[in-house]
Amino acid sequence: VVFANLATVDSYELFRVECDGSAPPLRLHAPLSGGRGVNEFAFSADASRVVFSGAVERTVADLYSVPIDGSAAPKRLNASLSAGVEVQDFVVAPESAELVYLVDGGVFFRVPADGSVAAEFLIDLPDSSLRPGFQLSPDGEYAFYRREMLGFDIVEFFALPTSGGAPVKLSGPMVTGGEVTAFARSPDGTR
């Protein structure tokens, strides 16, 4: 079991503990303070690692991966980011060793959950406003997201191939003021 705990007045930290309580909680990173902390976390597909975003080394969020057993220090997964730019969101592929993350400004990257190779740039969407809550197909082959095309007053739905290539618009023709408000995929990822 992994949990985030308010360790000090202004810092959430990440711990793991056995389900039966047979051992004390183990912090999965160095102690944090001064407004630094963990924002969100998820297990890798094989549950051997915990991936988390948070202000650990900088005062803005980066993306990290750490072995669930705490046998190694967290490894930063994201590419170097400019001052003030941070990781906004990430999703671990349910059936893959990879994850996709999004940084400020609408830039998507993919990276293995263990950080064995450097993060790979996927696409920069500067002309749009991304809506929260992108998802991945179970195999990690596509990232699904909604975005508003600035100046057009519509919110459309797209699939981005994570192996590279241009996004595919899935929502079809839209009327002015039209909006894809939500989306879901079938459990097997085929629809």
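Q: Why is phenylalanine 134 called buried in this predicted model?
A: Phenylalanine 134 has a relative accessible area of 6%. Buried means under 20%, so phenylalanine 134 counts as buried.

Q: What makes phenylalanine 108 count as buried?
A: The relative accessibility of phenylalanine 108 is 0%. This value falls under the 20% cut-off, and therefore phenylalanine 108 is buried.

Q: How many aromatic pairs does the rule on ring centres give?
A: The count comes to nine aromatic pairs.

Q: Why is the pair of phenylalanine 108 and phenylalanine 134 called edge-to-face?
A: The ring centres are 5.3 Å apart, and a pair requires centres within 6.5 Å. The planes stand at 85 degrees; an angle over 60 counts as edge-to-face, so the term applies to this pair.

Q: Where in the chain do phenylalanine 108 and phenylalanine 134 lie?
A: Phenylalanine 108 is in strand 10 (residues 107-112), and phenylalanine 134 is in the loop between strand 12 (128-130) and strand 13 (135-136). The two residues are 26 residues apart, and their pair links distant parts of the chain.

Q: Why is the pair of tyrosine 145 and phenylalanine 158 called stacked?
A: The centres of the two rings are 5.5 Å apart, with the planes at 15 degrees. Planes under 30 degrees apart count as stacked, so this pair is stacked.

Q: What does the pair of tyrosine 145 and phenylalanine 158 tie together?
A: Tyrosine 145 belongs to strand 14 (residues 142-149) and phenylalanine 158 to strand 15 (residues 155-161), so the pair ties together parts 13 residues apart in sequence. Both residues are buried.

Note on methods: Residues numbered from 1 in each chain as written. Predicted model: local features only at pLDDT ≥ 70, side-chain atom pairs only at ≥ 80, totals over all residues. Heavy atoms only, no water. Phe/Tyr/Trp six-rings, centres within 6.5 Å; stacked < 30°, edge-to-face > 60°. Helix = DSSP H or I, 4+ residues; strand = E, 2+ residues; numbered from the N terminus. Buried < 20%, exposed > 50% of the residue type's maximum accessible area, 1.4 Å probe, protein only.
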